[in-house]
Amino acid sequence: MNLQTPLTNDVIAKLKAGDAIKLTGTIYTARDAAHQRMYEAHINGSTAPFDYTGQAVFYAGPCPAPPGKLIGSVGPTTAGRMDAYAPDLIKAGLKVMIGKGARSPKVTEAITQYGGLYLVAIGGTAALMAKCVQSSDVVAYDDLGTEAVRKLMVVDMPLVVAIDSTGGSIFE
Amino acid sequence: MREIPTTKIIQTVAELCIKANIHADPGICSAIKQARCKETSTLAKSAMGVILENMDVAKAENMPICQDTGMVVVFVDMGEDVRVVASCGPAQEVKPKSLINLAINEGVRRGYRDGYLRASVVHDPISRKNTGDNTPAVIHYNIVSGDNIKITVMPKGFGSENKGGIKMLTPSSGLAGVEDFVVDVVRQAGPDPCPPIVVGVGVGGTMEKAALLSKEALAQMFEKNTDPVWAGVESRLLEKINALGIGAAGFKGNTTALGVRVLTYATHIAGLPVAVNIGCHVSRHMSAVI
């Protein structure tokens with residue numbers, strides 16, 4: 001199934017855990033350090049330096065781009081480490097999370113309550129996934145190096161629906 | 001006394017860092033190929049196909065297999081008839097400030113810079129500022145006989161490292177207690193450490209010795225255990241772990257682990273330490289003798 005970001009509520013509602021999809025469009029990388037800052041901004045009532053409302057966040061920190069390439073190897077990191085922040089960010093409007101591994105019951109609860117989606121990529125397949133990236137620009141937290149937020153344009157990124165909007169999960 | 005210049009150590013470590021991150025371990029590769037043939041879950045079988053394809057792409061494009069190019073663990077077998085001599089002075093702040101320590105860290109710095117590998121190390125576990133060059137490495141020295149230095153570089157990703165565990169069992173727990181703990185650690189890890197995994201187990205010694213053995217076990221994953229009793233334990237643990245049904249990428253099926261390796265050491269009359277170090281399907285290690 002080929003899907004285009006941003007994913008609408010109608011599209012998300014039709015997806016079921018276990019569905020294999022190919023995602024095209026804009027996604028944002030953000031992992032541990034960026035999440036901590038996004039969360040702190042949310043808690044303090046300030047605005048994060050990029051608008052993740054309705055967007056897809058990719059839990060990833062790429063390798064440096066070698067000469068002649070747009071980006072280095074880039075694949076999903078363990079999503080569970082973002083569980084401390086995810087429910088509040090979903091409540092604040094984050095729609096789609098892309099990572100690897102299991103999520104906490106609180107994340108599943110937030111996904112069902114606010115109509116979110118958790119997609120997984122195959123961990124450790126980062127050289128292959130880098131080929132899906134058509135552009136990469138740092139848009140926030142540049143000082144974090146690999147953990148900075150990057151706006152990526154991806155084409156046909158292969159993913160599997162891990163937790164759907166009704167709370168159905170491939171891990172149960 | 002044989003003299004080895006620091007430049008030789010720097011160059012060797014830099015090359016090992018780059019090669020280990022780009023070239024998949026042949027043992028892992030053939031284990032995945034075999035497991036894929038026997039896999040019953042369609043999604044997991046397809047995931048293993050993607051994992052193998054990624055290894056080919058990494059090699060062809062000269063890119064790291066995984067973006068988590070790890071914290072570098074280095075095992076040094078240092079011949080007692082070797083003396084390291086300065087050939088150029090990399091000015092760095094490392095502790096202890098020995099020539100070999102300086103040289104290994106300089107090798108890591110150059111390997112990660114020249115190989116376009118990710119800098120994933122923060123200088124302090126709480127304030128967490130990235131050191132920018134993936135140093136310092138975690139280095140373990142063994143003094144051995146002879147006039148060579150053997151260096152093994154293991155870039156260790158933390159998706160899998162975070163999922164390890166250690167327990168100070170007591171003697172009455174016996175082998176059953178050891179096996180239960182190992183299986184429990186893998187069950188708790190679930191789909192997070194990038195299965196199919198490899199499982200390094202250290203049994204005996206003291207707390208830190210068991211942990212160290214479990215790490216060393218990852219670098220000897222597909223070597224045959226010469227002790228028939230422990231070889232049997234390895235096979236039984238592999239069966240039990242694969243019966244958990246976590247599967248490649250967490251997509252269920254019968255391939256959760258590709259191998260289990262147990263290393264043991266003498267221990268105290270009151271103790272039975274057991275440590276489990278999980279390696280992902282990109283588990284990396286490469287050695288060179290100088």
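Over the ring of which residue does the charged end of B:K209 sit? In this predicted model, the charged end of B:K209 is placed over the ring of B:Y265, at 4.6 Å from the ring centre. A further arrangement of this kind occurs in chain A, where the charged end of A:R103 sits over the ring of A:Y118. Here the distance to the centre of the ring is 4.8 Å.

Contacts between aromatic rings were examined next. Over all chains, the count comes to three aromatic pairs. In one of them, formed by A:Y28 and A:F50, the ring centres are 5.1 Å apart and the planes meet at 40°; the pair is therefore classed as tilted, since planes under 30 degrees apart would count as stacked and those over 60 as edge-to-face. The two residues belong to distant parts of chain A, being 22 residues apart. A:Y28 lies in strand 2 (residues 20–29), whereas A:F50 is found in the loop between helix 2 (32–43) and strand 3 (56–58). Both partners are shielded by the protein: A:Y28 has a relative accessibility of 10% and so counts as buried, and A:F50, at 6%, is likewise buried. The threshold applied in both cases is under 20% relative accessible area. Ring pairs also bring in A:Y52, which forms a cluster together with A:Y28 and A:F50.

On the surface of chain B, a nonpolar patch is made up of B:I166, B:M168 and B:M207. Together these residues present about 290 Å² of accessible area. One of them, B:M168, is located in strand 6 (residues 165–169) of chain B. The relative accessibility of B:M168 is 45%, and the residue therefore counts as partly exposed.

Key:
Residues are numbered from 1 along each chain as its sequence is written. Chains are lettered from A and ligands numbered from 1 in the order in which they are written. This is a predicted model: local features need pLDDT of at least 70, side-chain atom pairs count only at pLDDT 80 or more; totals for chains, interfaces and linings use all residues. Side-chain values use heavy atoms; hydrogens and water are left out. Rings of Phe, Tyr and Trp (its six-membered ring) pair if their centres lie within 6.5 Å; planes under 30 degrees apart count as stacked, over 60 as edge-to-face and the rest as tilted. Helices (H or I, at least four residues) and strands (E, at least two) are DSSP runs, numbered from the N terminus. Buried means under 20% relative accessible area, exposed over 50%, partly exposed in between (1.4 Å probe, protein chains only). A charge sits over a ring if NZ of Lys or CZ of Arg is within 6 Å of the ring centre and within 35 degrees of the ring normal. Patches are made of residues with over 30% relative accessible area and no salt bridge: like charges are joined within 9 Å, nonpolar side chains (Val, Leu, Ile, Met, Phe, Trp, Tyr) within 5 Å. Accessible areas come from the Shrake-Rupley method with a 1.4 Å probe; for residues, only the protein chains shown count as cover. A salt bridge is a side-chain nitrogen of Lys or Arg within 4 Å of a carboxyl oxygen of Asp or Glu.
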